[in-house]
Amino acid sequence: MPHTFQTSLLLPRPRAEVFPFFADAGNLARITPASLGFQFLTPLPVEMRPGALIEYRIRLAGIPVRWTTRILEWDPPHRFVDEQLRGPYKEWIHTHTFREVDGGTLMEDDVRYRLPLWPLGEIALPVVRAQLRAIFRYREQAIGRHLLGA
């Protein structure tokens, strides 16, 4: 069964300043909680384009997990979409949208995911939702530190 996670963040900067931060795959490590033990396996820099692959390792509950992401859509500075090809989810499609609004850039994240081992995997849904909220909360704070100096 598919699930969704959505969040948005208003950044008081023009899209032309915000999007380049996300166009640099190396910044993914900067906005991921240290508790996940994020490590790039793909050499940097990554040319962001449709079909680009990014491989990394994270730790979930102390267990190392390889994650391979493919860029499905690349439409700078408006949006990009990535999908998990290998990792902890049965499906993970993450749409990143950047809209100019009064006061700056509205960054929206829309994640569609499926848990593995359906229907048994659904037992983990409350824990997964809480982890996603915590990861994206950290991400918002880290983006603020890096883009706004906050």
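Student: Is Leu117 buried or exposed?
Tutor: Leu117 is exposed, with a relative accessible area of 69%. Buried stands for under 20% relative accessible area, exposed for over 50% and partly exposed for the range in between, with a 1.4 Å probe and protein chains only. This is a predicted model, in which local features need pLDDT of at least 70 and side-chain atom pairs count only at pLDDT 80 or more, while totals for chains, interfaces and linings use all residues. Residues are numbered from 1 along each chain as its sequence is written, and side-chain values use heavy atoms, with hydrogens and water left out.

Student: Where does Leu117 lie?
Tutor: Leu117 is in the loop between S7 and H2. Such labels denote DSSP runs numbered from the N terminus: helices are H or I with at least four residues, and strands are E with at least two.

Student: And what is the phi of Leu117?
Tutor: Its phi is positive, about 60°, although Leu117 is not a glycine. Most residues other than glycine have a negative phi.

Student: Which residues make the nonpolar surface patch?
Tutor: Leu117, Leu120 and Ile123 make a patch of about 400 Å². Patch members have over 30% relative accessible area and no salt bridge; nonpolar side chains (Val, Leu, Ile, Met, Phe, Trp, Tyr) are joined within 5 Å and like charges within 9 Å. The areas come from the Shrake-Rupley method with a 1.4 Å probe, and for residues only the protein chains shown count as cover.

Student: Changing topic: in what order do the strands form the sheet?
Tutor: The order is S1-S7-S6-S5-S4-S3-S2, with 7 strands in an open sheet and antiparallel pairing. Pairing requires that DSSP finds at least two bridges between two strands. S1 (3-11) and S2 (39-40) stand at the edges with a single partner strand each, so one side of each has no neighbour in the sheet.

Student: What packs on that sheet?
Tutor: Helix H1 (residues 15-23) does, touching S1, S4, S5 (79-86), S6 (91-101) and S7 (104-114). The direction of H1 makes about 160° with that of S6. Helix H2 (residues 125-148) lies across S1, S6 and S7 and runs at about 20° to S1. Contact means heavy atoms within 4.5 Å. Axes are lines fitted to C-alpha atoms, for helices over the stretch in contact, and the angles run from 0 to 180 degrees between N-to-C directions.

Student: Which residues does Val128 touch?
Tutor: Val128 touches Tyr89, Tyr113 and Leu115, residues up to four places away in sequence not being counted. Val128 belongs to helix H2 and is buried, at 9% relative accessibility. Its C-alpha atom is separated by 8.9 Å from that of Leu115, 13 residues apart along the chain.

Student: How many bridges pair S6 and S7?
Tutor: There are 11 bridges, in the antiparallel sense. Val101 has Gly104 in S7 as its bridge partner. The hairpin of S6 and S7 has 2 residues between the strands, and Gly103 in the turn has a positive phi of about 95°. S5 and S6 pair over 5 bridges, and their hairpin runs through 4 residues.

Student: How many salt bridges does the search of the whole structure find?
Tutor: It finds 10. The criterion is a side-chain nitrogen of Lys or Arg within 4 Å of a carboxyl oxygen of Asp or Glu. Among them, Glu91 and Arg114 meet at 3.1 Å, N to O. Glu91 lies in S6 and Arg114 in S7, so this pair ties together parts that are 23 residues apart in sequence. Glu91 counts as buried at 19%, whereas Arg114 is partly exposed at 25%. Salt bridges with shared partners join Glu91, Arg112 and Arg114 into one network.

Student: What does Arg79 form a salt bridge with?
Tutor: Its partner is Glu73, with the closest N and O atoms 2.7 Å apart. Arg79 is partly exposed at 28%, and Glu73 is partly exposed at 36%.
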